[in-house]
Amino acid sequence: QVQLVESGGGLVQAGGSLTLSCTTSRRAFSRYHLGWYRQAPGKEREFVAAVNWSGIATWYADSAKGRFTISRDNAKITMSLQMNNLKPEDTAVYYCAADQTEWNIRTGAPDYWGQGTQVTVSS
């Protein structure tokens, strides 16, 4: 019942930055915990970062700590992932995810997923 739309992917040089955005309905945005997962070719989908419904609590995968920042803007109904110092290993399709359970949003079992946006980091 929740539709998620990602944007902001693209091609960047190693060390560069990108900001991904995710939008959904006002109702879903205000009540769901949101997060980002990614899937590289030949690999399993993996957790990247998540933020709870209020924006107070955030969680990051070890690979994202210190480089990525997740946030949400309730006024704009937008959740973002600011990615800095990108590395070639960050290349993947990034998916926005949503769940009403805080635990699920950061453990790989969200109920809803977007279609993904491609991030490619060149060497």
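Me: The radius of gyration is taken over C-alpha atoms, and the globule rule is 2.2 Å times the number of residues to the power 0.38. What radius of gyration does the protein chain have?

Reply: The protein chain has 13 Å, which agrees with the value near 14 Å that a compact globule of 123 residues would have. Please keep in mind that this is a predicted model, in which local features need pLDDT of at least 70 and side-chain atom pairs count only at pLDDT 80 or more, while totals for chains, interfaces and linings use all residues. Residues are numbered from 1 along each chain as its sequence is written, and side-chain values use heavy atoms, with hydrogens and water left out.

Me: OK, and how many helices and strands are there?

Reply: The chain has two helices and 11 strands, where helices (H or I, at least four residues) and strands (E, at least two) are DSSP runs numbered from the N terminus. Along the sequence, the pattern reads β-β-β-α-β-β-β-β-β-β-α-β-β.

Me: What share of the residues is buried?

Reply: Buried residues make up 44% of the 123, with buried meaning under 20% relative accessible area, exposed over 50%, and partly exposed in between (1.4 Å probe, protein chains only).

Me: Switching topic: how many salt bridges are there?

Reply: The count comes to five, a salt bridge being a side-chain nitrogen of Lys or Arg within 4 Å of a carboxyl oxygen of Asp or Glu. Side chains of opposite charge can pair when their charged atoms come close.

Me: Which residue does R38 pair with?

Reply: R38 forms a salt bridge with E46, and their closest N and O atoms are 2.7 Å apart. R38 is buried, at 5% relative accessible area, whereas E46 is partly exposed, at 37%.

Me: And which residue does D90 meet in a salt bridge?

Reply: D90 meets R67, with 2.7 Å from N to O. This pair links distant parts of the chain, 23 residues apart: D90 lies in the loop between strand 8 (78-83) and strand 9 (92-99), and R67 lies in the loop between strand 6 (58-60) and strand 7 (68-73). D90 counts as buried at 1% relative accessibility, and R67 counts as buried at 10%.

Me: Which residues are linked in a network?

Reply: R38, E46, R67 and D90 are linked in a network of salt bridges.

Me: What about D62, buried or exposed?

Reply: D62 counts as exposed, at 66% relative accessibility, and its side chain meets that of K65 in a salt bridge of 3.2 Å, N to O.
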